[in-house]
Amino acid sequence: MAPLQPSVSVPPSITASPSPIGGGGAAVTQGVNDLASVEQLVLDLCDPLLRENALVELSKKSEMFQDILAPLLWHSFGTIASLLQEILSIYDALSTANLSPGASNRVCNVLALFQCVASHPETRMLFLNANIPCYLYPFLNTESKTRPFEYLRLTSLGVIGALVKVDDSKVISFLLETEIVPRCLRCMEVGSELSKTVATFIVQKILLDNLGLCYLCANPERLFAVGTLLAYMVVSHPVQPSAPARLLKHIIRCFHRLSDNPRMILQQGAASSNCYIKLQSGPWEELLGQT
């Protein structure tokens, strides 16, 4: 007897239906074909020989088919386990700093699919309850600035960023319990401009939640670490009209939220003084007006 193919169930809301408009048959046929293609690629993820191509193709389609892809990935048999195998396969390379661009790109394609799952309202909490983000944390702990490590760092931050985009205290609670803040601070220190921007955005979203603000301000050492790093980023960052302003805006919003707690002002000392002096300089006044 031939082996049974793993089943992929499609929610009723995403099945194609005939269009009442004349000439809609071709569009419906194309939609059915696209859906069948996505389903087959999801099945291919469980085959080691077909997985690499499936990862590439699905990562390209992740935004276009996000509404159907996230549930398919999560509910299809063995798929998440196959993706986690890819994550685990490069852990050894992290400790030896011997990570090839090809291996990095392959795992980044896995992370793109995880970001799709993390963004979807149906699968977001399932993703968290399975502790999947914790498998990404080793990528955030690295300090190498080479491209393979930087791509992993940035794409992993993108998954966490997708989780915090939706204001949900359960997400914030999970991230705090799993110590995401120190990992974001590390990325803010060693990452590229993009990695620093996403990591600071995550810290900002955590601070905007009352639970996150209380967490960061309850411990003096923790508050000092966050405030000092933010101040250093302000003092060390050049402010030019042509320079990207997103990172600086996120830093300012973090300071603004931290100022809601009196401990912030008392803890920072000279670092904050230098920071506030720079914020009063000409180029910063214009930027402050935009935040």
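Threonine 155 lies in helix α9 (residues 147-164), where helices (H or I, at least four residues) and strands (E, at least two) are DSSP runs numbered from the N terminus. With a relative accessibility of 18%, threonine 155 counts as buried, a class that means under 20% relative accessible area, whereas exposed means over 50% and partly exposed lies in between (1.4 Å probe, protein chains only). When residues up to four places away in sequence are not counted, threonine 155 touches Cys108, Leu111 and Ala112, contact being defined as heavy atoms within 4.5 Å.

The model is a predicted one, in which local features need pLDDT of at least 70 and side-chain atom pairs count only at pLDDT 80 or more, while totals for chains, interfaces and linings use all residues. Residues are numbered from 1 along each chain as its sequence is written, and side-chain values use heavy atoms, with hydrogens and water left out. The protein contains 18 helices and zero strands, and 46% of its 291 residues count as buried. Of the contacts with a separation of 6 or more, 75% are accounted for by residues 24 or more positions apart.

Two helix pairs were examined in detail, with axes taken as lines fitted to C-alpha atoms, for helices over the stretch in contact, and with angles running from 0 to 180 degrees between N-to-C directions. Helix α11 (residues 180-190) packs with helix α12 (residues 193-208) at an angle of about 145 degrees, the axes being 8 Å apart. The crossing of α11 and α12 is left-handed, a term used if the near helix is turned anticlockwise from the far one by less than a right angle, and right-handed if clockwise. To this contact α11 contributes Ile180, Val181, Cys184, Cys187, Met188 and Glu189, and α12 contributes Lys196, Ala199, Thr200, Ile202, Val203 and Ile206. These residues divide into nine nonpolar, one polar and two charged, where Ala, Val, Leu, Ile, Met, Phe, Trp, Tyr, Cys and Pro count as nonpolar, Asp, Glu, Lys and Arg as charged, and the others, Gly among them, as polar.

Helix α11 is largely enclosed by the rest of the structure, because eight of its 11 residues are buried. The buried residues of α11 are Ile180, Val181, Arg183, Cys184, Leu185, Cys187, Met188 and Val190, and their cover includes α8, α9, α10, α12, α13 (210-218) and α14. In the loop between α10 (169-177) and α11 is glutamate 179, which has a positive phi of about 60 degrees although it is not a glycine. Glutamate 179 counts as partly exposed, at 36% relative accessibility.

In the second pair, helix α14 (residues 220-236) and helix α15 (residues 246-258) pack at an angle of about 140 degrees, with 10 Å between their axes, and the crossing is left-handed. The contact involves Leu223, Val226, Gly227, Leu230, Ala231, Met233 and Val234 of α14 together with Leu247, Ile251, Cys254, Phe255 and Leu258 of α15, a set that divides into 11 nonpolar, one polar and no charged. Glycine 227 of α14 is buried, with a relative accessible area of 0%. Although 31 residues separate glycine 227 from leucine 258 in sequence, their C-alpha atoms are 8.3 Å apart in space.

Helix α4 (residues 79-88) is likewise mostly covered, seven of its 10 residues being buried, namely Thr79, Ile80, Ser82, Leu83, Leu84, Glu86 and Ile87.

The count of aromatic pairs comes to two, where rings of Phe, Tyr and Trp (its six-membered ring) pair if their centres lie within 6.5 Å, and planes under 30 degrees apart count as stacked, over 60 as edge-to-face and the rest as tilted. One of them is the edge-to-face pair of tyrosine 91 and phenylalanine 139, with 6.1 Å from centre to centre and 75 degrees between the planes. This pair links distant parts of the chain, as tyrosine 91 lies in helix α5 (residues 91-96) and phenylalanine 139 in helix α8 (residues 137-140), 48 residues apart. Tyrosine 91 is partly exposed at 24% relative accessibility, whereas phenylalanine 139 is buried, with a relative accessible area of 1%.

In the loop between α7 (124-129) and α8 is asparagine 131, whose phi is near 60 degrees, a positive value in a residue other than glycine. Asparagine 131 counts as partly exposed, at 38% relative accessibility.
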